[in-house]
Amino acid sequence: MPEIFLVMRKPGNIRVLCQALEGHGYTCTGISDKKALEARFEQPLSPDLALVDVSGFGESVWSMCELLQHKDVPFIVLSAKQELGLSSQTLRYGAASILEKPIVKTSLLKLIENMAHASAR
């Protein structure tokens, strides 16, 4: 079962996305700061991919993106329209794609499915 890190500040967003993804066969781990992300990488298994919501993290989001990139974890950035300029910087830190919020569930699931299949090859 593919595992997805949900790197997000708001617990409500983690809960909603986790419920949606688990309904499609994914396992989710909510992560709300860099310390939790580093701690999670101390465990033996790495996630198949990560979703990073840049809202509310400020500059600390870059170090988390760098850590995901360093650990070879593909990730998708979720961003509000007003943050798209900022979010486009995440491409320099290895983001595979950027999705504008509100997220269209079918688009997100298709992108995740494509990335999960690509990483399984």
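This is a predicted model. Begin with strand β4, residues 75-79: five of its five residues are buried, so the strand is largely enclosed by the rest of the structure. Buried here means that under 20% of the relative accessible area is left.

Which way do the side chains of β4 point? Phe75, Val77 and Ser79 point one way, while Ile76 and Leu78 point the other way, and all are buried. In a regular strand the side chains alternate between the two faces of the sheet.

Next, consider the strands that pair with β4. Strand β3, residues 49-53, pairs with β4 in the parallel sense, over four bridges. Within this pairing, Leu51 stands opposite Ile76. Strand β5, residues 97-100, also runs parallel to β4 and is joined to β4 by four bridges. Here Ile76 stands opposite Ser97. The helix α3 belongs in this picture too: β3, α3 and β4 make a right-handed β-α-β unit.

Now turn to helix α2, which spans residues 34-41. At the start of α2, the backbone nitrogen of Lys35 has a side-chain oxygen of Asp33 within 3.2 Å. Which residues of α2 are buried? They are Leu37, Arg40 and Phe41. Seen down the axis of α2, these buried residues fall within an arc of 100 degrees, so they line one face of the helix. What covers the buried residues of α2? The cover includes β1 (3-7), β2 (27-31) and α3 (60-70).

Definitions and conventions:
Residues are numbered from 1 along each chain as its sequence is written. This is a predicted model: local features need pLDDT of at least 70, side-chain atom pairs count only at pLDDT 80 or more; totals for chains, interfaces and linings use all residues. Side-chain values use heavy atoms; hydrogens and water are left out. Buried means under 20% relative accessible area, exposed over 50%, partly exposed in between (1.4 Å probe, protein chains only). Helices (H or I, at least four residues) and strands (E, at least two) are DSSP runs, numbered from the N terminus. The arc is that of the directions from the helix axis to the C-beta atoms. Contact means heavy atoms within 4.5 Å. A polar contact is a pair of N or O atoms within 3.5 Å; within protein, one must be able to donate a hydrogen and the other to accept it, and residues adjacent in sequence count only if both atoms are side-chain atoms. Two strands pair if DSSP finds at least two bridges between them. A crossover is right-handed if, with the strands pointing away from the viewer, the path from the first strand over the helix to the second runs clockwise.
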